[in-house]
There are 4 protein chains.
Amino acid sequence: MTGEEISIEFLLEEDELTDKQKKILVAAIESFSEKGYAATSTNEIAKKAGVAEGTIFRHYKTKKDLLLNIVAPVMAKLVAPFVIRDLDKVLNKRFDTFEDFLRAMIENRREFIEKNGQIIRILLQEIPFQPELREQFKEHVATRLFERFTKVAVYYQEKGEIIDIPPLSALRLTASSIIGYFIAKYLIIPESEWDDEAETERTIQFILNGLGKGTK
Amino acid sequence: MTGEEISIEFLLEEDELTDKQKKILVAAIESFSEKGYAATSTNEIAKKAGVAEGTIFRHYKTKKDLLLNIVAPVMAKLVAPFVIRDLDKVLNKRFDTFEDFLRAMIENRREFIEKNGQIIRILLQEIPFQPELREQFKEHVATRLFERFTKVAVYYQEKGEIIDIPPLSALRLTASSIIGYFIAKYLIIPESEWDDEAETERTIQFILNGLGKGTK
Amino acid sequence: MTGEEISIEFLLEEDELTDKQKKILVAAIESFSEKGYAATSTNEIAKKAGVAEGTIFRHYKTKKDLLLNIVAPVMAKLVAPFVIRDLDKVLNKRFDTFEDFLRAMIENRREFIEKNGQIIRILLQEIPFQPELREQFKEHVATRLFERFTKVAVYYQEKGEIIDIPPLSALRLTASSIIGYFIAKYLIIPESEWDDEAETERTIQFILNGLGKGTK
Amino acid sequence: MTGEEISIEFLLEEDELTDKQKKILVAAIESFSEKGYAATSTNEIAKKAGVAEGTIFRHYKTKKDLLLNIVAPVMAKLVAPFVIRDLDKVLNKRFDTFEDFLRAMIENRREFIEKNGQIIRILLQEIPFQPELREQFKEHVATRLFERFTKVAVYYQEKGEIIDIPPLSALRLTASSIIGYFIAKYLIIPESEWDDEAETERTIQFILNGLGKGTK
DNA sequence: TATGAATGAGTCTTCATTCAT
DNA sequence: CATGAATGAAGACTCATTCAT
């Protein structure tokens with residue numbers, strides 16, 4: 001269930017990308033994630049990339065096009081670990097309990113976030129302002145995530161491990177906790193005060209108890 | 001424990017505000033929340049407010065000043081229900097169980113959000129880009145929230161209602177669930193598919209079980 | 001039948017125009033007529049007008065808007081002498097013969113051209129490239145000119161002064177000769193070689209004989 | 001007196017032209033005539049020609065060079081039917097009357113225009129903006145046309161067919177009528193409303209009467 | 001010979017802010 | 001207090017031209 005991660009490194013090792021093109025991407029990602037899309041000028045990107053301003057527009061028709069080209073591949077991989085053929089079989093084989101599933105999920109996405117932190121930050125920051133992004137997010141992330149998670153939820157509900165609530169509600173509560181965990185870890189709480197192992201464990205137990213049926 | 005809500009209406013009934021000033025605020029709030037701070041021009045605000053562009057700058061030194069003046073009072077009230085004297089006594093008197101507390105909290109903040117939705121949206125959208133906002137948020141919201149919630153957590157931990165984890169962890173998990181609830185309700189899920197009462201209940205039970213000690 | 005001429009001077013004495021606005025118009029007219037619309041930069045206009053570049057766009061939404069605002073009023077007046085109420089009566093009273101009519105027409109338009117030469121030049125140069133201009137020209141000039149000239153032609157045809165050909169043909173031949181006269185006078189032939197009175201006379205006689213019925 | 005016409009086809013069958021070069025010419029002619037020289041980008045020409053942008057500049061030093069290379073040969077042929085050795089003899093033999101001459105001239109130039117319409121359009125549109133073009137036009141067209149037409153005019157004046165006015169005036173009046181005829185036919189009046197034969201005849205008669213001496 | 005990536009000066013346009021009225 | 005004309009710096013984007021391959 002290890003999704004094929006996309007990382008900036010990976011992105012930049014694409015054969016099709018010119019050397020300059022890679023520099024443009026790196027510079028844009030850095031600036032966008034630091035100051036936001038709107039507050040970053042193409043001039044600034046060009047300078048940081050060591051490239052003429054015109055070169056940016058040779059490769060990306062508009063500034064927005066550049067943004068979308070940065071964010072799209074990462075968005076596509078956001079739900080990767082869920083998009084597996086024969087999900088049921090995989091669950092059967094590899095995730096005996098909902099706990100196993102949760103643990104794998106968190107671990108997997110943690111790696112993903114560590115590799116793509118900047119781009120995810122850009123995605124989160126710009127989604128309110130870019131309708132195209134929102135559309136793509138709905139289509140490629142939200143819908144598919146819900147679809148797959150429904151199967152997972154039903155699977156463990158039938159096994160009697162989690163309570164009978166609508167899958168959407170289960171998804172909401174699970175996702176809140178996990179995303180909240182990541183936001184705390186990566187955006188809010190300084191590393192010094194964060195005991196990763198313990199917090200992971202608390203989060204998993206919180207979800208398990210929250211959705212669990214019975215006695216601890 | 002009903003905090004003194006700030007609402008746009010309230011904001012606009014301030015005696016100190018000129019009629020024009022109120023119109024400017026309303027126009028700015030509307031535009032900022034719809035298109036974002038960066039994408040809103042002062043010219044546009046002036047037109048929508050039926051005011052000359054110069055008038056805006058007579059009341060607010062800069063555009064950013066206008067933003068801060070909109071967001072600051074709401075930010076101050078974000079944690080209002082927590083900021084009470086003699087919190088212990090209040091807990092004693094009014095919130096016999098953690099469940100009572102949670103329920104009151106959610107209800108109270110729901111009202112607040114319904115009155116101040118636009119401004120909260122602005123706050124969320126701009127926090128990544130405005131260091132001043134982030135600073136104010138930390139100082140007036142995060143710190144105080146943590147401080148007060150610690151007391152609450154300890155109170156119910158001592159009563160044996162919730163498990164013994166660091167208050168910050170308890171806060172993180174509780175807040176994740178509640179904020180996730182509000183984000184789903186107000187930003188993601190269309191009203192038609194949202195059964196408010198049931199979802200509230202599920203959220204409360206999820207937190208109670210998640211942090212609860214024992215048998216259900 | 002003296003149309004109310006529009007001249008640059010007149011244009012610039014409009015009360016509604018700011019001082020800066022007038023300077024912008026003068027500068028734009030000069031540059032457009034010399035180098036053409038496409039080859040004139042707004043920066044250049046601003047400098048020549050002694051105005052900030054932004055000021056141009058405060059008064060004219062786009063560069064094209066500026067062009068149209070220059071050309072439109074002149075275009076409207078191009079056919080002015082034809083657009084008279086009770087054309088028949090006027091012909092009756094004031095232009096006993098087609099010759100009188102021609103002579104008056106040429107004299108009147110000569111004055112017009114002398115006052116509005118630059119703008120007419122712009123009009124001629126840009127009509128091939130600006131569909132809006134072409135449209136306006138058709139609507140406000142061509143159609144109305146044809147309509148009125150038809151009455152004139154029929155009037156003198158009925159009087160037996162000019163031959164019975166379709167008015168459109170008569171218009172084409174008359175206009176060719178007169179416009180050709182003006183183009184030669186103002187655009188091609190250096191003043192030194194041009195005997196105005198004689199050439200005017202030759203042109204009139206050429207048209208009269210060309211369209212005339214009978215013996216000289 | 002049939003001038004050796006230059007047509008696009010002819011132009012393109014030149015042996016010295018590469019295949020790519022021909023494609024560039026065709027593409028450039030099409031774009032220049034449709035949108036004007038200034039509004040056509042070399043990039044666009046390259047795409048339309050199926051050629052790399054650099055290739056254009058391998059054959060034509062600059063964009064303006066390309067324009068001149070398109071327009072120059074056509075300009076050279078504009079006055080072709082006049083540039084004949086022993087003009088007097090030819091007139092003697094082939095054009096007994098001024099009417100014969102006019103008729104042949106119109107017919108001949110009509111063919112020329114039909115073959116080279118696009119390029120002539122480019123010439124007309126760009127002459128106001130390109131001093132080089134204007135210079136070439138004066139030198140190769142205007143001067144020679146005037147020179148030759150003078151002989152023609154004198155010839156028929158001596159025969160008593162046309163009135164005694166300066167040849168330049170005769171040229172102006174004749175040319176106005178013929179060019180006006182072509183402009184109406186090709187640029188202004190929609191084909192449906194144009195009776196070619198009749199209009200040609202009217203134009204010829206107009207000129208003949210206009211310049212003629214006596215009774216019809 | 002042909003390519004097409006790269007350039008950087010230049011284009012039109014927007015915008016927050018100022019200031020005389 | 002309020003206005004709105006004026007500013008000029010900055011923005012995204014275009015384009016003819018060059019040059020290494």
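1. Glu161(C) counts as partly exposed, at 26% relative accessibility (buried is under 20% relative accessible area, exposed over 50%, partly exposed in between, with a 1.4 Å probe and protein chains only). Its salt-bridge partner is Lys159(C), with the closest N and O atoms 3.9 Å apart; a salt bridge here is a side-chain nitrogen of Lys or Arg within 4 Å of a carboxyl oxygen of Asp or Glu. Lys159(C) is partly exposed as well, with a relative accessible area of 40%. In chain A, salt bridges that share partners join Glu107(A), Arg110(A), Lys185(A) and Asp196(A) into one network.

2. The model is predicted: local features need pLDDT of at least 70 and side-chain atom pairs count only at pLDDT 80 or more, while totals for chains, interfaces and linings use all residues. Residues are numbered from 1 along each chain as its sequence is written, chains are lettered from A and ligands numbered from 1 in the order in which they are written, and side-chain values use heavy atoms, leaving out hydrogens and water.

3. Over all chains the structure holds 52 salt bridges. One of them pairs Asp96(B) with Lys159(B), at 3.7 Å between the closest N and O atoms. Asp96(B) lies in the loop between H6 and helix H7 (98-126) of chain B and Lys159(B) in the loop between helix H8 (131-158) and H9, so the pair ties together parts that are 63 residues apart in sequence. Helices (H or I, at least four residues) and strands (E, at least two) are DSSP runs, numbered from the N terminus. Asp96(B) is partly exposed at 48%, and Lys159(B) is partly exposed at 39%.

4. Another salt bridge joins the side chains of Asp19(C) and Lys23(C), at 3.6 Å from N to O. The two residues lie in helix H2 (residues 19-35) of chain C, 4 residues apart, about one turn of the helix.

5. Chain A contains 10 helices and 0 strands. Of its 216 residues, 48% are buried. Thr40(A), in the loop between helix H2 (19-35) and helix H3 (42-49), counts as buried at 2% relative accessibility. A polar atom of its side chain lies 2.7 Å from the backbone oxygen of Gly36(A). Beyond neighbours within four places in sequence, the contacts of Thr40(A) (heavy atoms within 4.5 Å) include Ser31(A), Phe32(A) and Lys63(A).

6. Chain B can be laid on chain A with an RMSD of 0.1 Å by a turn of 180° and a shift of 0.0 Å along the axis. The two copies are thus related as by a two-fold rotation axis. The superposition is by least squares on the C-alpha atoms of residues with pLDDT of at least 70 in both copies. Within chain B, Gly210(B) comes closest to the rotation axis, at 2.1 Å (C-alpha). Since 100% of the interface residues of chain B are also interface residues in chain A, the copies meet through the same surface.

7. Chain A and chain C do not touch, and their nearest C-alpha atoms are 20 Å apart. No contact joins chain B and chain D either, with closest C-alpha atoms 31 Å apart.

Terms used
Polar contact = N/O pair within 3.5 Å; in protein donor to acceptor, adjacent residues only side chain to side chain.
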